[in-house]
Amino acid sequence: MAKSVLTDPSQDFPRWYQDVVAKAGLAENGAARGTMIIRPWGYAIWERVQAALDERIKATGHDNVYFPLFIPMSYFEREAEHVEGFSPELAVVTHGGGSELAEPLAIRPTSETVIGEAMSRWVQSYRDLPLLLNQWSNVVRWELRPRLFLRTSEFLWQEGHTAHATADDAVAETLRMLVEAYDDVMARVLAIPTLRGRKTEREKFAGAHTTYTLESLMRDGKALQMGTSHYMAQNFAKAFDITFSDETGGRQQAYTTSWGMSTRVIGGMIMTHGDERGLRLPPAIAPVQVVVLAIKDEAVEACRTLVAELEAAGVRTRLDDATGTSFGRRAVEWELKGVPVRLEIGPRDLDAGQATLVRRDVEGKQALRLNEVRATVPGLLDEVQRGLFDDAVTFRDGHTRVASQQQEVDGAGFWTLPWGELGVDGEAALAQRGYSVRCLLRADGGLPDPGQSDELVAWVARAY
RNA sequence: CGGGAUGUAGCGCAGCUUGGUUAGCGCGCCACGUUCGGGACGUGGAGGCCCCGGGUUCGAAUCCCGGCAUCCCGACCA
């Protein structure tokens, strides 16, 4: 298990994070304040998140669509809470084609409004429901304190928007995407354990009836929201007139949902798995799962054979035959990039008919017979994936403490306390001290219904 | 918008207090040679509106005034 920055106060976590992002070649700041340039290695990771998530979204019956980047300002004003929540962070275009626009255009911070407007035209009958849409896009929010991947003025994400005939259907959809799409990708692909919970009124999405969230604990003991799923009830249907004729010919208002997951999860992955030597990529997300490194020219041929074998076994493999660069430099570069497994072959290995296996997740090297590589590596990658997830669970559980009242909350990690004791006043008191209620869970750990208010446990932490 | 700090080579920094040759150092980059099983070394080289504007002075990276930008701590947030 990686040493925690939390247990080593001499370490400066923000600095560590910046170094990992830079040295792994993931991203850098853009010219405009708060913007981010995603470099090839970082984008390849995002593409794997996209692929996994898109597969889950399509598997649950959703269709991909694309809506405009520009949204007329008046759209935001139709939903009171929504406009209040988002106005402060809107970027607004006032000029186009050399002259001032009659109506300013907001650059989308999220697309409930434009999509709601279209839904009102597309939904006429109960037969048109449910309407299950998803969009891959960039959005802009003028954040005050940007940080690569975690909070940038512009970010890439996926936003799902659905409309349903009944409240039950909409709630079920909200929970389905949280669990079957988001948490599945978090656990299976990013190897990040989460809490599945409900947001408090104070923390919910602007305009939502209920917000559900996935919360994770980073290695510095702060929490990060990894994805949210919102049940809007009829709030947006009212604002955008999404109505339909039911089976009996009556007029009904639809119930809508929205849910999003962004490039932030890459930041979460870095802060969950990274160690003092840089990035550690879970195999499922790694653009390159195995690098086969030829130490000397005479080993290149054997390396090529190995690469071909592994590729045939479905392992994403890259050959490093840059023997003109020193071995140490190449080894370190692949470590910084977080590649899970390295196979080194030099003259000594050739003589012995073996490769030297180096895992990124644990210390040490071991010999592996060349003819056993193909049979061994896929299982090893699964083991690494599980190990990273288990380490993160152990870390979280080891940094979760129980409190009975808000005054006891003091320090890094999660704190749990009865929501009935805490309440909105306790929540406000915690906020004064820099802590927030990340989410509410049922006493048995399950997800609370939208209306449930008793027997809830508040999970509290400092957050990003 | 409050509190603190910083702008000097691609990156990280020193120099400024006490003005004075040609503005330095580390990393990186280029060439050649020796190296190469864990970030090699030597020699040579390229690369600077010292954030911007004004002022003081024989002379400003350095002192004074005014801008601008960035970073850190808060409030906002996927």
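Predicted model: local features only at pLDDT ≥ 70, side-chain atom pairs only at ≥ 80, totals over all residues.
Arg-198 has its bridge partner, Tyr-212, in strand S10.

If you want a spot to look at, take Leu-214, whose bridge partner in S11 is Gly-227. The two strands make a hairpin with 5 residues between them, and in this hairpin Gly-221 takes a positive phi near 85°.

How much of S10 (residues 210–217) is buried? The strand is mostly covered, with 8 of its 8 residues buried. Thr-210, Tyr-212, Leu-214 and Ser-216 point one way, while Thr-211, Thr-213, Glu-215 and Leu-217 point the other way, and all of them are buried.

S11 leads us to the RNA. Strand S11 (223–233) is one of the elements that each supply at least two residues of the surface near RNA strand B, along with strand S14 (255–262), helix H10 (327–337), helix H11 (347–352) and strand S18 (354–359). Which element gives the largest share of that surface? It's H10, with 7 residues. There are 37 residues around RNA strand B, and Gln-225, Ser-262, Gly-328, Gly-346 and Arg-348 come nearest. By residue type, the surface near the RNA divides into 11 nonpolar, 13 polar and 13 charged.

Now for the inside of the protein. The largest nonpolar core has 89 residues, and Leu-190, Leu-343, Ala-458 and Val-460 have the most contacts inside it. Helix H12 (residues 373–398) gives the most to this core, with 8 residues. Another core, of 28 residues, lies apart from it and includes Phe-76, Leu-129, Leu-133 and Ala-163. Back to Ala-458: leaving aside neighbours within four places in sequence, Ala-458 is in contact with Thr-416, Leu-417, Trp-419, Leu-422, Val-437 and Leu-440.

The S5 and S6 pair from the table sits in a sheet of its own. Here 3 strands form an open sheet in the order S4-S6-S5, with antiparallel pairing. Strand S4 (70–72) and strand S5 (91–96) stand at the edges, each with a single partner strand, so one side of each is left without a neighbour in the sheet. Neighbouring strands of this sheet are turned by 50° against each other on average, direction ignored.

Last stop, a glycine in a loop. Gly-30 is found between strand S1 (27–29) and strand S2 (36–38). Why does Gly-30 count as partly exposed? Because Gly-30 has 16 C-beta neighbours inside 10 Å, and a residue needs 20 or more to be buried but 12 or fewer to be exposed. Leaving aside neighbours within four places in sequence, Gly-30 is in contact with Thr-35, Met-36 and Ile-37. Gly-30 and Thr-152 are 122 residues apart in sequence, yet 9.9 Å apart in space, C-alpha to C-alpha.

Note on methods:
Residues numbered from 1 in each chain as written. Chains lettered and ligands numbered in written order. Near = placed C-beta within 6 Å. Helix = DSSP H or I, 4+ residues; strand = E, 2+ residues; numbered from the N terminus. Nonpolar A, V, L, I, M, F, W, Y, C, P; charged D, E, K, R; others polar. Pairing = 2+ DSSP bridges. Core = buried A, V, L, I, M, F, W, Y, C linked by C-beta atoms within 7 Å. Contact = placed C-beta atoms within 7 Å. Axes fitted to C-alpha atoms, helices over the stretch in contact; angles between N-to-C directions.
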